[in-house]
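Here are my notes on the model, as numbered points. Please read them with the structure open.

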Amino acid sequence: MKLKLLLLPLLLLKLYANAQQTTIALSYNPNQPGFNKDAFHFVLNQKLYALCTGKIPTHKPINIQGIKSGEMNSTIVSYALKDTSLAIFEDLFGHEVILIPGDTMKVTIGQLEKPKDILLPWYYSLTYSGKNKYIYSILDSIALSTTDVKSDMINPKGKTVDEFIRIAETRFRSRENYLKDYSIRHHIPLHIREMVYNEVYAAYVRDLVFLQSTLKSDDNSADITAILNPKIDYNRLKSTQFSKVVTAAHVVYQYLLVMTSPFKSTDFFNKNRFNTTYNLIQKDFNDEMRDDLLSRHMKQYITYGDHRIISPEIVARFNSDCKNPKFVSYIDSLLKTKQEKANLNFIDVMNSQITDLKGKSQPLKDVIAKKPTLIDCWASWCRPCIDEFPFSKELEKSYGNKINLIYLSFDKSTAAWLSKAKELNLQSTYHMPDNFESDFATFFKLNTIPRYILVDANGNLLNTDAPRPSDPRLKEIFDSL
């Protein structure tokens, strides 16, 4: 019995020269919580190229068909696919899978029972079957063995530089060895193994680059560039194969930022650094990767730095160098919006619309409960933010009658915010829909989190960068109010 049938125009297929029809058959029990009775399926995200535009590209289905068989429902989704590639089922941060042109992937979906000691940023448990089931499940298997490759990051709190590096290298070797053993046991083709190895290597580079955040501005014990250069294979990062990694552009750009600026630079967004990084991208990268990195670089300075650095001459150069018209259009729009927002004031910011747990929108000023309010800027993926929550809750107990604390999420994904808020039992939490491109983020130059902003009972600004809840100085500020 067919439940649902959706056919997109056949003309769509003309966009995919040499593409083959690839099918994903999803089976599930519709009586389980969270499943639609009709054709239930996931959005299938492509690799994170174009994240520089704030949008993750998706694989567009050419056919969706729902079928009922006994107690189980199935959704058959077809795609036109050119190349073997990585993709993500969009359930929270998502299961990472390998798609094979012309193949049929069979997946049974169940409720997820999370292991206690492993971070699995998924909503559902997926069981793969079919002739290539060991290829489909390879990244899930690595996640179950070591934590999720694309999203788990090492918590730097309380670790020295040497400890942090040792943990990163141990985790990389563990994943590398697991991949080697898995590939031998299940006869994984060499090109698939290389694709997955690059994912594992990208996670290693991301961990090492994140080392910079573990250092304090007065730390004279480490030169971050001298530490990372011998450990990272830059030629691999420049390779065409590495560009297929889901997080390739993000990882490479973060590495370039570290490599082109001393850690102690007090002027992070300066013109010389912009030009050095831009020239490096233009020299070392090609095609899609070059366009994505150049766009990220432009966005970084427009959004988080002094947009006046982006002169008409730089814009003209970018428009010539970047061959992707969508990126060019996005950067043009972003720069114009930034210029228009240059005169934002605090009243504009307090009128920003935020969303509560029930999906209701209201101005930020309306949640200031006639008493001083600490706005905790956080996101579900931010470990340092979450590490502060126990201290915040202690402050709520001690100062709840005097001070209001609200948790303002800057997640791009509403689902990720809601899931983490539920897990942490956060009550006074809200979501900023435009996250880091919002008027709020623009006004406060919000380029890192956590960040704590204090306003008085009348909504007047008291402190744009208050101490963290774990810092005793915050209690002193509260006591003085």
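1. Start with C377. Its sulfur lies 8.7 Å from the closest cysteine sulfur, that of C385, which is too far for a bond. This is a predicted model. A disulfide here requires sulfur atoms within 2.5 Å, so the 8.7 Å between C377 and C385 rules that pair out. C377 is also buried, because its relative accessible area is 0%.

2. Where does C385 find its partner? C385 is bonded to C382, with the two sulfur atoms 2.2 Å apart. In general terms, a disulfide is a covalent bond between the sulfur atoms of two cysteines. The link of C382 and C385 is right-handed, with 80° about the S-S bond. Both cysteines, C382 and C385, are buried. The count by this rule is one disulfide.

3. One further cysteine deserves a look. C322 has 4% relative accessibility, so C322 counts as buried. The cut-off for that label is under 20%.

4. Turn to helix α3, residues 161-186. The helix has 26 residues. From first C-alpha to last, α3 reaches 37 Å, close to the 38 Å expected at 1.5 Å a residue. After α3 comes H187, with a positive phi near 55°.

5. Which residues of α3 are buried? They are V161, F164, I165, A168, R171, F172, R175, L179, Y182 and S183. Note that R171 and R175 are in this set. An α-helix has 3.6 residues a turn, so residues three or four places apart point the same way. Please check the list on the display with that in mind.

6. Now the loop ahead of this helix. T147 sits in the loop between α2 (138-146) and α3. Is T147 buried or exposed? T147 is buried, because its relative accessible area is 10%, and the limit is under 20%. The C-alpha atoms of T147 and P121 are 9.2 Å apart, while 26 residues separate the two along the chain.

7. Last, a helix pair. The axes of α4 (residues 190-210) and α7 (residues 248-259) come within 9 Å and cross at roughly 35°. The crossing of α4 and α7 is left-handed. On the α4 side, the contact is made by A202, V205, R206 and V209. On the α7 side, V251, Q254, Y255 and V258 contribute. By type, the contact residues of α4 and α7 divide into six nonpolar, one polar and one charged.

Technical notes:
Residues numbered from 1 in each chain as written. Predicted model: local features only at pLDDT ≥ 70, side-chain atom pairs only at ≥ 80, totals over all residues. Heavy atoms only, no water. Axes fitted to C-alpha atoms, helices over the stretch in contact; angles between N-to-C directions. Helix = DSSP H or I, 4+ residues; strand = E, 2+ residues; numbered from the N terminus. Left-handed = near helix turned anticlockwise from the far one by under 90°. Contact = heavy atoms within 4.5 Å. Nonpolar A, V, L, I, M, F, W, Y, C, P; charged D, E, K, R; others polar. Buried < 20%, exposed > 50% of the residue type's maximum accessible area, 1.4 Å probe, protein only. Expected span 1.5 Å × (residues − 1).
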